[in-house]
Amino acid sequence: MSVSTTAARSRLRFNPKLFAVAVLASLVLGALLGWIAKQTGADWLVTTLDTIGSTFTKLLSFTVLPLIFTAIVVGINSLRSLGGGRTAARLGGKTALWFAITSLIAVVIGLLVGGLFQPGRGLVIEPDPEKLQAIGQKTQGSWLDLLNGLVPENLISAFAEGETLQVVFVSLIIGAATYSLGDKAAPFVAFNKAAFEVIQRVLGWIIRLAPLGTLGLIGNAVASYGNEFFLPLVKLIGSTYVACLLVLFAVYPLLLSLVAKVSPARFFAKTWTVLQFAFVSRSSGASLPMTRQATENLGVPSSYASFAVPLASTTKMDGCAAIYPAVGSMFIANLFGIHLGPVQYLTIIAVAVFGSIATAGVTGWFTMLTLTVGALGFPPEVVATGIAIAFAVDPIMDMMRTATNVAGQIVVPVVVARSENVLDDEVLATPSAPPLLDREPATA
């Protein structure tokens with residue numbers, strides 16, 4: 001049997017075009033199974049859904065830190081092909097500037113939507129005591145903690161303890177060192193390139209399980225929370241979704257059209273699978289390889305995308321770092337009758353723009369929200385109670401936040417690439433298959 005015949009049959013077994021339909025169907029089926037489990041008290045079904053969802057999440061999680069490290073090291077060294085140190089510094093500066101600009105826009109929209117919906121106003125609800133205790137045991141975000149937690153005690157502990165921000169810091173230092181060493185560090189860079197490709201292949205297999213993971217995650221959320229928390233918190237959920245949707249389908253398309261000269265329709269056609277996976281997985285890190293490939297499919301040079309996307313996946317989070325802290329702060333303020341004035345609103349904006357790096361890792365939304373309300377001077381008991389109440393529906397909100405995060409992580413490199421006149425319009429105009437999902441294992 002020829003290699004081409006084997007590959008053709010392999011493609012028949014998995015059709016990327018059916019991926020979106022399968023995930024949407026899993027959303028509906030998962031919600032239905034969760035509702036049935038909630039109504040009938042079927043603990044076995046809740047356990048099954050929870051096991052499926054948590055297993056999928058664990059599969060994604062174990063790839064995140066190696067992905068970040070290898071991607072950043074390779075990405076920094078790939079900047080060499082764009083013109084050397086000065087070009088790299090200019091690209092890095094522009095990237096950071098657009099991170100700040102889009103964060104500013106996102107947090108302002110979060111405040112405007114929060115002011116319109118007024119989440120938390122008139123709400124009387126008691127938090128789950130277990131969630132309140134769990135929130136109280138978490139380390140709240142602060143500027144001092146951010147600085148102190150930036151440098152790991154040793155390289156192994158950063159990976160072993162899942163400290164994403166420390167891994168990013170180490171990756172940047174090692175990446176810069178290998179860049180400065182040039183050919184002397186070539187074997188190490190080559191090893192990281194190979195490791196990144198291996199991790200991408202593994203993640204490509206895991207991504208194909210997304211419909212099954214979706215069924216478990218959504219089903220468990222519906223079975224666990226039900227209507228007793230969902231309905232009272234519908235304004236909080238609605239505010240988060242409306243603000244994210246405005247950024248996703250209004251702000252980003254305007255930036256793409258006016259600044260990057262890229263058709264929003266073409267952008268979403270090439271990124272929809274990635275955004276859908278981000279929505280389901282709730283992980284910018286796990287979406288990184290797909291995000292990077294989608295960015296390249298939009299015409300961004302691989303050398304720049306390899307640097308900008310890994311950095312963005314840990315520091316550029318408009319949903320978690322800008323929109324949600326704004327909406328969440330207003331929710332907690334309204335819940336306890338705390339008045340917010342112009343100074344408080346400016347404080348929320350400043351924290352969102354300058355503190356987005358604190359969102360690195362899976363607890364990013366918690367870090368940024370506590371950092372924000374801490375800057376507002378909310379009492380600790382108010383913060384803990386407010387977050388414990390919102391925590392009940394956090395998975396539902398986190399889906400939309402993560403999709404917004406990932407969209408921003410693609411938009412910024414596209415905008416910067418256009419400003420540098422390196423965006424490849426031929427690649428942009430060429431149709432492309434969903435990232436990673438079109439790759440088949442090699443056959444002999």
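These are my notebook entries on a predicted model of one protein chain.

**Ground rules.** Residues are numbered from 1 along each chain as its sequence is written, and my side-chain values use heavy atoms, with hydrogens and water left out.

**Whole chain.** I looked up the secondary structure and found 20 helices and zero strands. Helices here are DSSP runs (H or I, at least four residues) and strands are runs of E (at least two), numbered from the N terminus. Of the 444 residues, 55% count as buried; buried means under 20% relative accessible area, exposed over 50%, and partly exposed in between, with a 1.4 Å probe and protein chains only. I then checked contacts (heavy atoms within 4.5 Å). Among those between residues at least 6 apart in sequence, 86% join residues at least 24 apart.

**Helix α18.** I went to residues 380-391 next. How many of the 12 residues of α18 are buried? Nine are, so the helix is largely enclosed by the rest of the structure. Among them I noted V382, G386 and I389.

**Helices α13 and α19.** The axes of α13 (residues 288-297) and α19 (residues 394-419) come within 10 Å and cross at roughly 35 degrees. Axes are lines fitted to C-alpha atoms over the stretch in contact, and angles run from 0 to 180 degrees between N-to-C directions. Which residues meet here? From α13 I listed T291, A294 and T295, and from α19 V406, Q409, I410 and P413.

**Around V259.** V259 sits in the loop between α11 (234-258) and α12 (264-281). At 35% relative accessibility, V259 counts as partly exposed. Leaving aside neighbours within four places in sequence, V259 touches W98, L254, V415 and R418. I also looked at V414: its C-alpha atom is 9.5 Å from that of V259, though the two are 155 residues apart along the chain.

**Two positive phi values.** K261, in the loop between α11 and α12, has a positive phi of about 55 degrees although it is not a glycine. Q118 lies in the loop between α4 (85-117) and α5 (129-137), and its phi is near 50 degrees. Buried or exposed? Q118 is buried at 18% relative accessibility, whereas K261 is exposed at 56%.

Technical notes. This is a predicted model: local features need pLDDT of at least 70, side-chain atom pairs count only at pLDDT 80 or more; totals for chains, interfaces and linings use all residues. The expected span of a helix is 1.5 Å times one less than its number of residues.
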